[in-house]
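Hello,

Here is the structure I promised to hand over. My notes follow below it.

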Amino acid sequence: MRADRISVGELQELLAAGRPVTVVDVRPPSDIEWEIPGSIHVDAYGDLQSGRLGPLVELNLPAGPIVTVCGVGRTAAIATDLLRANGVEALTLEGGMRAWSLAWNTAQTTISGCKVVQVRRTGKGCLSYIVASHSQAVVVDASVDPDVYVRLLRERGWRLVAVAETHIHADHLSRSRLLAHLEGADLWLPAQNRAKYSFRAVADGDRIAFGSTALVAMRTPGHTEESTTYVLDSIAAFTGDTLFLNSVGRLDLEGGTRGELESRARVLHMSVRRLLQLPEAAQLLPGHVSAPIAFDGRVLTTKVATIRDTVALTRLDSAAFVEAVLARIPRNPPNHARIVELNQRGEVPADPTELEAGANRCAVA
Ligand SMILES: [Fe+2]
């Protein structure tokens, strides 16, 4: 490793430990869709391409190392060279924001006597979960390298008994099959005929037992036909892409006639209504957020009562909900067709970063 570079893993560790580090993002403003939490944007791209620091000269940089970042690390390396020539302790983030897509952090809480670790892909907004009761654990929606979950499980002395998916994802490559295989755990997917590998099919009301409790499957179609929420002791719900912290899920990505879209939106409305019948104090733990996730150890969650109060869409009747959802379908996430195809085959390429680059677009605002 060169002394003027830093890897995604090393930067992630510095941020998780709260060590002093300043991330300077030199991408052109038009390229910035997602960022590293706490980073400073400096519009110096054009200057750097011409070998000048430009506005970076005037930057009043705090103590501690400076990490320069751009799309894939090339322009940031120019910034690093120029800053170092000026006596600044600068390091280039290897692979830039494309590589940062794999960065993660965690937050932990206790719900109904179970330990819940939220494993968050900060560079993409994907949330996955390790839920443990009496040292037996279930992972929901594995989205980072399987080794990450294995390490977190070992550190806590937990044994993985099951891996469950809420649906077939379109925004990231699922690591659930690999993780289940690695740890010899059961792999549960909502019943459907799209996945081309073997799994245990989950139907409404099925229980995935672990420790002294279970996740109970609640079929919540709409985002995708098979979308399923997993409910823990009626007091927490892992909602996948059906209900987020401040929005509802979008319809799944394949097109369809206006009539088909309307009928799917009606189904989504029923699913959202069903989720909101959980107790008011029940915690909702979604599959995504739509902003970079801070290294602050705070679990991203909300309560049923809060969603009801704050997300106007959830209070609409069916007809108004359908109209609102169809008027606000976001752009498809990048490479979604290829990602769905690989998830249906249960495959993850050796380097997933090119396919997975970019933010998720799972919510209807
Ligand atoms: Fe999704």
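**What was found**

The protein chain has eleven helices and 20 strands (DSSP runs numbered from the N terminus: H or I of at least four residues for helices, E of at least two for strands). Its radius of gyration, over C-alpha atoms, is 21 Å; the globule rule (2.2 Å times the number of residues to the power 0.38) gives 21 Å for 365 residues, so the chain is as compact as a globular protein of that length.

This is a predicted model: local features need pLDDT of at least 70, side-chain atom pairs need 80 or more, and totals for chains, interfaces and linings use all residues. Residues are numbered from 1 along each chain as its sequence is written, and side-chain values use heavy atoms, without hydrogens and water.

Now the metal. The iron ion has protein donors H167 (NE2), H223 (NE2) and D241 (OD), at 2.0 to 2.3 Å. Donors are N, O and S atoms within 2.8 Å of the metal (3.2 Å for Na, K and Ca); water is not among the atoms, so sites may look incomplete. Along the chain the donor spacing reads H-x55-H-x17-D. H167 sits in the loop between strand 10 (159–164) and helix 6 (176–183), and H223 in the loop between strand 14 (213–219) and strand 15 (228–232); the two are 56 residues apart. Both H167 and H223 are buried (under 20% relative accessible area, 1.4 Å probe, protein chains only). Buried residues make up 54% of the 365 in the protein chain.

Of the contacts (heavy atoms within 4.5 Å) with a separation of 6 or more, 63% join residues 24 or more positions apart.

Best wishes

Conventions:
Buried means under 20% relative accessible area, exposed over 50%, partly exposed in between (1.4 Å probe, protein chains only).
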